[in-house]
Amino acid sequence: MVSEYGNKFIEGVQSEGVIPTAKHFPGHGDTDIDSHLSLPVIKYDFARLDSVELVPFRSAINKGVNSIMSAHISFPKISPDSALPATMDAAVLHKILRDSLQFDGVVVSDGLDMHGISSNFSPGEAVVKALKAGVDLMLLSPDELTALHEIEQAVHSGNISEKRINNSVRKLLKWKKQQGLFEDSEIDIDSLSANINTRNKQLIAEEISRRSLTLLKNNDDILPIRASEYPKVMVVSVSDGKSGYTGSSFVSQLRDYHPDVSSYLLDQRTSKEDKQEMIKEARKADLIIIGSFIYVKSGQKVQLDNEQLPFLKKLIRNKPSILTAFGNPYVIQDLPNSDVQLLAWSANGNQVKSTVPALFGGSEISGRLPISIPGMYSINHGLYLPQTALRYDRPEVSGLSRDSLRNIDRIMNEAIFDSTFPGGVVTVVKDGNIAYQEGFGYETYEKLNPIKEDAVYDLASLTKATATTAAIMKLVEEEKISLKDKVGKYIPEFSQGKKKNITIENFLLHNSGLPPFRVYVDSLKSEKEIIEAIKNEPLTYKTGTDYRYSDLGFILLGKIVEQVTGKSLDQYLRETFYYPLGMSSTFFNPKKMGEYFIDRIPPTEIDTVFRDTTVHAVVHDERSYFLNGVAGHAGLFSSGRDLAIFCQMLLNDGWYAGRRYLEPSTIQKFTKRQGKHSNRGYGFDRKSGKNSTAGSMTSKKTFGHLGFTGSSYWIDPERDLAIIILTNRTYPYRSYGKNISNIRAKIADAVVSSIIE
């Protein structure tokens, strides 16, 4: 196994023009003493070394490795001098490495400052003995000037020949020549980082980081974390240092995925009062996440100290807990009763960036243990957790061209310049990744408040798909409603006459015979009056014979949902979908959420007809406004991120963050063509015709909905793609924004064009 993995690593390093070094020769695996602290002794003879320790070295040499590092370990059954480490032992470096294994490359010493050397040999004695044994390149002498002086003295005295020195130097010069370092070209040192740390290499590093995550334990399916099940999370970052900043990036990113995260640091600076506060907070927490930043350090204890361990055991007692190791993996032995154990291996930026989404289902966890955890887990152990939730990531991860996506910027900015809308947000979801999300323009044409990515907009008729249709889908699955149910079963006014054959299905397909639109609010100002008027509205055509898009049927569908569930429409949706999905910015009547939330909402229109005011943070649609802001056709507010979650749930066949919301068959049924006189599904619009707002390049299976205020989303299941556009194109007046359909189509085409085939 060591040979196989080692050779692949060597091959990869060499392919990039870098020289790899195999270490520590002739073997360091079976020691019980840290060579940083003392000189280990391995009492094996050559037969044993040849059958075990030398196998990967022999393989690497045969594969062309040209640098090998010596071990500061004594092999008394190999060497006539049991006090000599291999670094200074010609019996090891000449007889075995040079003669037996036929290695003619560069021999590099391990660090000469390690106690296995420095406690037994002076700096000069160490390098002289190593040179005589066959080492070409010395590392980390504790006293370089003394070492150089004693080498010079050894040459002058004849103890070391100039030929011996020249032999090693020529090897190094040969390396440099092979790498082209003597050619007439200058290296711009200042540009090295930019040339090495390219975007493509960053993507590879991030992929390696994601794939390395190793899940050892997941009791009670705590992962993926769902805010609805664990509404209050406490994070404790554990360190053996005292910087005061350990875990800050981890906590910051956790807050991007969970609305209520408190954080504490347990390190050498933590006081008794700090610990008391943590214990108090732990009692209120629903989930405790321990981020272990205990690293493996030479010559030091690599697990929790005697003060941290009992405190942490007390902290997580009787509480669901996650232990995430960003350093030493063996720390999980200290807290074996933690419910979730995840190895992230390192605290570098890539690892933290990969770990946090994975905790919430934003990327799969597929790593396997390359080691064993004594008494707990064997090598190759690892639980698999699929990606079931969104994460934010680079476009290239999902096969999108970043440069091509910039066409969206141009389209949006031109639309703002042409006064199609004052501002907006575009969100692109591809392969479970929010690959693009940008805010453009301002809340109004006064250009005082720039639009941010988390802006919340009035969805208008997107309410039909995101709220009412979703509720009907769930109730149909639960057999509490049937698509063939006569509306008269729920609304007596539809139980006789021409209306008696109207079904739930007819309302969803907009072919019930009800008129497309009625003002009502010019004379009717209460919910009761408006609902009664709709119930008694005469049909304008025979049921099922035509398609005429109508708000009225969806208003009644909202009331039917309330009747069946015994809850208001907004309460039912909040409990069934929005809260468990983590759609924390999706509400009817958003003013109830307070000033912070209101500040994220651009105004929708200056109403000079019915309300004589600027419509801001209240529903734009007049009928919904007089229906107390909660209606089946309009009234929902949301953000690009939240709609991305909803769209991804549909793309996931009803599954999100480890929980099922809808059955695949239900989604397929509601989103495929069902209308005889239109291309619509049940409640959902579908792409149709050459001039579709879904553009010309999305697939025929694309479904979604549009909103009058300038909102839309289109979902292309063939490409695992969702395109979400939120604007306030009705500001300052609804006569503005006539070009919105063209903008929607252009953006859809720009997104599909950016897919790298």
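This is a predicted model: local features need pLDDT of at least 70, side-chain atom pairs count only at pLDDT 80 or more; totals for chains, interfaces and linings use all residues.
View 1. Of the 15 residues of H19, 11 are buried, so the helix is largely enclosed by the rest of the structure. Look for Asp551, Leu552, Gly553, Phe554, Ile555, Leu556, Leu557, Gly558, Ile560, Val561 and Glu562, which are the buried residues of H19.

View 2. Glu527 and Lys559 form a salt bridge, with their closest N and O atoms 2.4 Å apart. Glu527 has a relative accessibility of 25%, so it counts as partly exposed. Lys559 is also partly exposed, at 23% relative accessible area.

**View 3. Other charged pairs.** Side chains of opposite charge can pair when their charged atoms come close. The count for this model comes to 40 salt bridges. One of them joins the side chains of Arg58 and Asp50, at 2.3 Å from N to O. Arg58 is partly exposed, with a relative accessible area of 29%, and Asp50 is partly exposed as well, at 28%. Another salt bridge brings together Asp431 and Lys430, at 3.1 Å from N to O. Here Asp431 is partly exposed at 35% relative accessibility, whereas Lys430 is buried at 8%.

**View 4. Inside the largest nonpolar core.** In soluble globular proteins, nonpolar side chains tend to be buried together. The largest nonpolar core in this model has 78 residues. Those with the most contacts inside this core are Ile504, Leu508, Phe577, Met649, Leu650, Tyr656 and Tyr713. Zoom in on Tyr656: leaving aside its neighbours within four places in sequence, it is in contact with Thr388, Ala389, Leu390, Leu581, Ile645, Gln648, Met649 and Tyr661.

View 5. Val169, Leu173, Leu181 and Phe182 make a nonpolar surface patch of about 380 Å². Leu173 sits in helix H8 (residues 162–178). With a relative accessible area of 41%, Leu173 is partly exposed.

View 6. Most residues other than glycine have a negative phi, and most peptide bonds are trans. Which residues does a cis peptide bond with omega of about -5° join? They are Lys23 and His24, and His24 lies in strand E1 (residues 22–25). A cis peptide bond also joins Tyr731 and Pro732, with omega about 0°. Pro732 is found in the loop between strand E24 (721–727) and helix H25 (740–753).

Now for the phi values. Lys447 is not a glycine, but its phi is positive, near 55°. Lys447 lies in the loop between strand E13 (433–441) and strand E14 (456–458), and it is exposed, with a relative accessible area of 52%. Glu479 has a positive phi of about 60°, although it is not a glycine either. You can find Glu479 in the loop between H16 and H17, where it counts as exposed at 74% relative accessibility.

Key:
Residues are numbered from 1 along each chain as its sequence is written. Side-chain values use heavy atoms; hydrogens and water are left out. A nonpolar core is a set of buried Ala, Val, Leu, Ile, Met, Phe, Trp, Tyr and Cys residues joined through side-chain atoms within 4.5 Å. Buried means under 20% relative accessible area, exposed over 50%, partly exposed in between (1.4 Å probe, protein chains only). Contact means heavy atoms within 4.5 Å. Patches are made of residues with over 30% relative accessible area and no salt bridge: like charges are joined within 9 Å, nonpolar side chains (Val, Leu, Ile, Met, Phe, Trp, Tyr) within 5 Å. Accessible areas come from the Shrake-Rupley method with a 1.4 Å probe; for residues, only the protein chains shown count as cover. A salt bridge is a side-chain nitrogen of Lys or Arg within 4 Å of a carboxyl oxygen of Asp or Glu. Helices (H or I, at least four residues) and strands (E, at least two) are DSSP runs, numbered from the N terminus.
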